[in-house]
Amino acid sequence: MTLRISLITLLLAAAPALAESPNVGAIKTEAGQKFFDAECRRCHAIDSKDKSYGPPLEGIIGRKAGSVEGYPYSAALKAAGITWTEGAIRAWMEDNQGLIPGTRMRHVGITDPVEQEFILTWLRQSAAH
């Protein structure tokens with residue numbers, strides 16, 4: 001929680017300067033990595049070669065939900081019929097049980113749209129393989 005507040009405060013304070021800086025993408029990616037590490041990494045790896053409790057997020061944007069070979073998804077997720085668009089990922093981060101009731105993943109509740117955007121920036125950059 002302290003990391004979240006510190007990063008958001010820093011970035012909001014620097015927003016006017018960042019809006020004109022060519023380094024905005026790099027800053028958002030770095031913040032996104034930190035948020036990902038704090039909120040998501042305990043269960044998910046980006047690279048499918050890295051061990052993780054949850055399915056790897058490599059290639060997540062544009063992938064059909066419940067489609068990683070060999071991962072034991074819940075019946076609810078397998079039957080959801082959604083594709084992981086950026087909008088679907090945002091909705092999942094905010095309320096995964098609301099998006100797909102019956103999923104086994106615990107509710108994460110990343111409701112801050114700025115934090116969601118940073119994580120998505122990191123995923124766009126890192127999970128694009």
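Me: At 37% relative accessibility, how does K34 count: buried, exposed or partly exposed?
Reply: Quick ground rules: this is a predicted model where local features need pLDDT of at least 70 and side-chain atom pairs count only at pLDDT 80 or more, while totals for chains, interfaces and linings use all residues. Residues are numbered from 1 along each chain as its sequence is written, and side-chain values use heavy atoms, leaving out hydrogens and water. Buried means under 20% relative accessible area, exposed over 50%, and partly exposed in between (1.4 Å probe, protein chains only). K34 sits at 37%, so K34 is partly exposed.

Me: Which residue forms a salt bridge with K34?
Reply: A salt bridge here is a side-chain nitrogen of Lys or Arg within 4 Å of a carboxyl oxygen of Asp or Glu. The closest N and O atoms of K34 and its partner are 3.5 Å apart, and both residues lie in helix α2, four residues apart, about one turn of the helix.

Me: What pattern does the protein follow along the sequence?
Reply: Helices (H or I, at least four residues) and strands (E, at least two) are DSSP runs, numbered from the N terminus. On that basis the protein has five helices and zero strands. Reading along the sequence, you get α-α-α-α-α.

Me: How many residues apart are R124 and E86?
Reply: Side chains of opposite charge can pair when their charged atoms come close. R124 and E86 do meet in a salt bridge, at 2.8 Å from N to O. The pair links distant parts of the chain, with R124 in helix α5 and E86 in helix α4, and the separation is 38 residues.

Me: Which residues do salt bridges with shared partners join into one network?
Reply: The structure holds six salt bridges. R124 is partly exposed at a relative accessible area of 33%, and E86 is likewise partly exposed at 28%. R124 also forms a salt bridge with E117, their closest N and O atoms being 3.1 Å apart. Through shared partners, salt bridges tie together K28, E86, R90, E117 and R124.

Me: How are α4 and α5 oriented to each other?
Reply: Axes are lines fitted to C-alpha atoms, for helices over the stretch in contact, with angles running from 0 to 180 degrees between N-to-C directions. α4 (residues 86-99) and α5 (residues 113-126) pack at about 130 degrees, axes 10 Å apart. Under 35 degrees counts as roughly parallel, over 145 as roughly antiparallel, 65 to 115 as roughly perpendicular and the rest as oblique. So α4 and α5 are oblique.

Me: What about α2 and α5: how are they oriented to each other?
Reply: Their axes come within 7 Å. The crossing is at roughly 100 degrees. The two helices are therefore roughly perpendicular.

Me: Where is H44, and which residues is it in contact with, leaving aside its neighbours within four places in sequence?
Reply: H44 is in the loop between α2 (24-39) and α3 (75-79). H44 is buried, with a relative accessible area of 11%. Leaving those neighbours aside, H44 touches F36, S52, G54, P55, L57 and M105.

Me: How far apart in space are I60 and I89, C-alpha to C-alpha?
Reply: I60 also lies in the loop between α2 and α3, and at 6% relative accessibility I60 is buried. Setting aside neighbours within four places in sequence, I60 is in contact with W84, I89, L123 and A127. I60 and I89 are 29 residues apart in sequence, and their C-alpha to C-alpha distance is 9.0 Å.

Me: Among contacts between residues at least 6 apart in sequence, what percentage join residues at least 24 apart?
Reply: For the overall picture, 35% of the 129 residues count as buried. Of the contacts you ask about, the share joining residues at least 24 apart is 43%.

Key. Contact means heavy atoms within 4.5 Å.
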